[in-house]
Amino acid sequence: MLKYFNFIKVIFVLLLTISLYAFSSFQSNLKSVSSVNIDFIGEKNLYISKSSIDKLLIQNNDYIECLEKDIIDLNELEERISSHEMIQNAEVYLTVKGGIMVDVEQRKPLARVISNPSYYLDENGKKMPLSIEHSARVLLVHGQVDQNNLDIIFEMVNTIQNDSFLKLYITDIFIDSENKISMSLRDCDFKVLVGDLNHLKQKIINFKAFYQIAKKENTLKKYKKVNLKFDKQVIGVK
C-alpha cells in the first residue's frame with residue numbers, strides 16, 4: 001500500500017512541477033520584451049547603422065519592445081532585416097532574460113565600380129550600393145562596366161583579393177569596350193596590361209617575377225607600360 005502511495009505522490013509532484021512551469025512560461029510570454037540588443041558579426045566597419053536596423057524591428061506597425069513575446073514572429077523579423085540591401089544575413093532570437101537579440105552579418109564589398117551611380121561589388125559578385133555610414137577602402141574599377149562583363153571584373157577582383165602580393169599593390173582596374181583589363185599599382189606609374197583572362201594565373205606569375213627583378217635592379221620607375229597579354233613573356237616599355 002505504501003508503495004502505491006509513494007508512486008502517487010511522485011506523480012502528483014511531477015504534475016505540480018509541470019503545471020507551475022507551464023504557468024510560469026505562460027505568464028512570461030504575456031510580458032513585453034525586456035530589451036533589444038543589436039550585434040554586428042565580423043566586419044567592424046558599419047555600412048548600416050544600428051538605428052537603421054532598429055527601425056526594421058516593427059511588427060504590425062508596432063515596435064517589438066512594445067509587444068508580448070508570444071506574438072512576436074522572429075522569422076518574419078529575420079527575413080525583413082536580411083532583405084536589406086546592406087545585409088548578408090540576420091538572426092533574431094529571444095534571450096533567457098526575455099530580451100531580443102539581433103545578430104547581423106553585413107555584405108562585404110570587394111571593389112568599387114566608378115560609374116553614375118557608383119556601387120560596390122560584394123564577395124558574391126553582386127552589386128551593392130554605397131553607404132552613407134562608411135566608405136570602404138577597396139579596389140577601384142573604371143571603364144566600360146555593364147551587366148554583361150561583371151563576371152569578368154569579379155574574376156579579376158577575386159584573383160587580386162586572394163593574392164597577398166596583388167592585394168597589397170594593385171589599386172585600380174580598368175576595362176575597355178573589348179573587355180580587356182589593365183591595372184594600376186600603388187607604387188608605380190606604369191599601367192599593367194592584362195588583356196583577357198585567358199592564362200591569368202600564368203600572367204600573374206610572370207608579372208611577379210618581372211616586378212621583383214625590376215625592383216632589385218631599381219628600374220621600376222623607368223617603365224611606362226608593362227604588357228602581360230602574352231602568357232609566355234612580359235613586355236616592358238620604357
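A: Accessible areas here come from the Shrake-Rupley method with a 1.4 Å probe; for residues, only the protein chains shown count as cover. On that basis the protein chain exposes about 14,900 Å², and carbon and sulfur atoms supply 52% of this area. This is a predicted model: local features need pLDDT of at least 70, side-chain atom pairs count only at pLDDT 80 or more, and totals for chains, interfaces and linings use all residues. Residues are numbered from 1 along each chain as its sequence is written, and side-chain values use heavy atoms, with hydrogens and water left out.

Start with the whole chain. Its secondary structure comes to six helices and 14 strands. These are DSSP runs, numbered from the N terminus: helices are H or I with at least four residues, strands are E with at least two. Of the 238 residues, 37% count as buried. Buried means under 20% relative accessible area, exposed means over 50%, and partly exposed is in between (1.4 Å probe, protein chains only). Contact means heavy atoms within 4.5 Å. Among contacts with a separation of 6 or more, 50% are between residues 24 or more positions apart.

Now the salt bridges. The term means a side-chain nitrogen of Lys or Arg within 4 Å of a carboxyl oxygen of Asp or Glu. Side chains of opposite charge can pair when their charged atoms come close. A search of the whole structure finds four salt bridges.

One of them joins Glu76 and Arg80, with N to O at 2.9 Å. Both residues lie in helix α3 (residues 74-82), four residues apart, or about one turn of the helix. An α-helix has 3.6 residues a turn, so residues three or four places apart point the same way. Glu76 is partly exposed at 29% relative accessible area, and Arg80 is partly exposed at 26%.

Another salt bridge pairs Lys208 with Asp163, at 2.6 Å from N to O. This pair links distant parts of the chain, 45 residues apart: Lys208 is in helix α6 (residues 200-216), and Asp163 is in the loop between α4 and α5 (164-169). Lys208 is partly exposed, at 26%, whereas Asp163 is buried, at 14%.

Asp196 and Lys203 also form a salt bridge; their closest N and O atoms are 3.5 Å apart. Asp196 is partly exposed at 31%. Lys203 is buried, with a relative accessible area of 2%.

His199 is in the loop between β12 (191-195) and α6. His199 has a positive phi of about 60 degrees, although it is not a glycine. Most residues other than glycine have a negative phi, and most peptide bonds are trans. At 53% relative accessibility, His199 counts as exposed. Asn206 is placed in helix α6. Asn206 is buried, at 15%. Leaving aside its neighbours within four places in sequence, Asn206 touches Asp231, Lys232, Gln233 and Val234.

Go back to helix α4. The expected span of a helix is 1.5 Å times one less than its number of residues. The twelve residues of α4 (residues 150-161) should therefore span 16 Å, and the end C-alpha atoms are 16 Å apart, which agrees. Its buried residues are Leu150, Ile153, Phe154, Met156, Val157 and Ile160. They cover an arc of only 165 degrees around the axis, so they sit on the same side of α4. That arc is taken from the directions from the helix axis to the C-beta atoms.

Asn179 is in the loop between β10 (170-175) and β11 (181-185). Asn179 has a positive phi of about 65 degrees, though not a glycine, and is partly exposed at 29%. Asn116 and Pro117 are joined by a cis peptide bond, with omega about 0 degrees. Pro117 is in the loop between β6 (109-113) and β7 (119-122).

Strands pair if DSSP finds at least two bridges between them. β4 (residues 87-94) and β5 (residues 100-106) run antiparallel and are joined by seven bridges. Val92 has Val102 in β5 as its bridge partner. Five residues lie between the strands of this hairpin, where Gly98 takes a positive phi near 90 degrees.
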